[in-house]
Amino acid sequence: MSVDTPTVTAQAPRRLNVLLVDDDESLRRALARTIRLAGFDVEVFASAESLLSRGICERDRCLVLDVDLPDIDGLDCKRTLDASGRHLPTVFITALPRGDVSASLAALAPVAVLYKPFNKDDLLEAIEEACVEASP
């Protein structure tokens, strides 16, 4: 005699979404791959304008944001998001010298500031910290 057992389909947990903004296409691709391999979903943007036009949604947990972007730089992008009430824990990445941006970055209370070239493990650790900070 066979007994039919109901099939229970467990819904996979939604992966946390990381937003990545960098104008360097090859770095953007490499970082996106690293972030995906670590188990996150990632959306990439070549400019602050494209991120700002997309906006921030509930699923977004972390912003990895290059400081030195054309037109709207990373600092102004973060200020714009914060002013609109869309606070998202942010990891800044930059090739600029520490002294040139450290005071401006500190005022924006980033989770981390990583100076290029940086270690991928440092990036992933900062993203994980940001996601914990952003948890509801």
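**View 1. Polar contacts of D60.** The side chain of D60 comes within 2.8 Å of the backbone nitrogen of C57. A second polar contact, of 2.6 Å, links the side chains of D60 and R54; a polar contact is a pair of N or O atoms within 3.5 Å, where within protein one must be able to donate a hydrogen and the other to accept it, and residues adjacent in sequence count only if both atoms are side-chain atoms. D60 belongs to strand β3, residues 60–66. D60 has a relative accessible area of 3% and is therefore buried (buried is under 20% relative accessible area, exposed over 50%, partly exposed in between, with a 1.4 Å probe and protein chains only). Not counting residues up to four places away in sequence, D60 touches N17, L19, E43, R54, G55 and L88 (contact means heavy atoms within 4.5 Å).

The model is predicted: local features need pLDDT of at least 70 and side-chain atom pairs pLDDT 80 or more, whereas totals for chains, interfaces and linings use all residues. Residues are numbered from 1 along each chain as its sequence is written, and side-chain values use heavy atoms, with hydrogens and water left out.

**View 2. The protein as a whole.** The protein has 5 helices and 5 strands, which follow the pattern β-α-β-α-β-α-β-α-β-α along the sequence. Helices (H or I, at least four residues) and strands (E, at least two) are DSSP runs, numbered from the N terminus. Of the 136 residues, 39% are buried. Among contacts with a separation of 6 or more, 61% are between residues 24 or more positions apart.

View 3. V18 sits in β1, residues 17–21, and is buried because its relative accessible area is 0%. V18 and D41 lie 23 residues apart in sequence, and their C-alpha atoms are 6.1 Å apart in space. Apart from neighbours within four places in sequence, V18 contacts I35, F40, D41, V42, E43, C62, V64 and I127.

**View 4. Crossing of helices α1 and α5.** The axes of α1 (residues 25–37) and α5 (residues 120–134) come within 11 Å and cross at roughly 60°. Axes are lines fitted to C-alpha atoms, for helices over the stretch in contact, and angles run from 0 to 180 degrees between N-to-C directions. The two helices, α1 and α5, are therefore oblique to each other (under 35 degrees is roughly parallel, over 145 roughly antiparallel, 65 to 115 roughly perpendicular, and the rest oblique). L31, T34 and I35 of α1 meet K120, L123, L124 and I127 of α5. The residues of this contact comprise 5 nonpolar, 1 polar and 1 charged (Ala, Val, Leu, Ile, Met, Phe, Trp, Tyr, Cys and Pro count as nonpolar, Asp, Glu, Lys and Arg as charged, and the others, Gly among them, as polar).

**View 5. K78 in helix α3.** K78 is part of α3, residues 74–83. K78 counts as buried because its relative accessibility is 2%. Neighbours within four places in sequence aside, K78 is in contact with L65, H87, L88, T90, F92 and L108.

**View 6. Backbone features in loops.** K116 and P117 are joined by a cis peptide bond, with omega about -5°. P117 is in the loop between β5 (112–115) and α5. D71, in the loop between β3 and α3, is a residue other than glycine with a positive phi, near 60°. With a relative accessible area of 74%, D71 is exposed. A109 lies in the loop between α4 (98–106) and β5, and its phi is near 50°, also a positive value in a residue other than glycine. A109 is exposed, at 54% relative accessible area.
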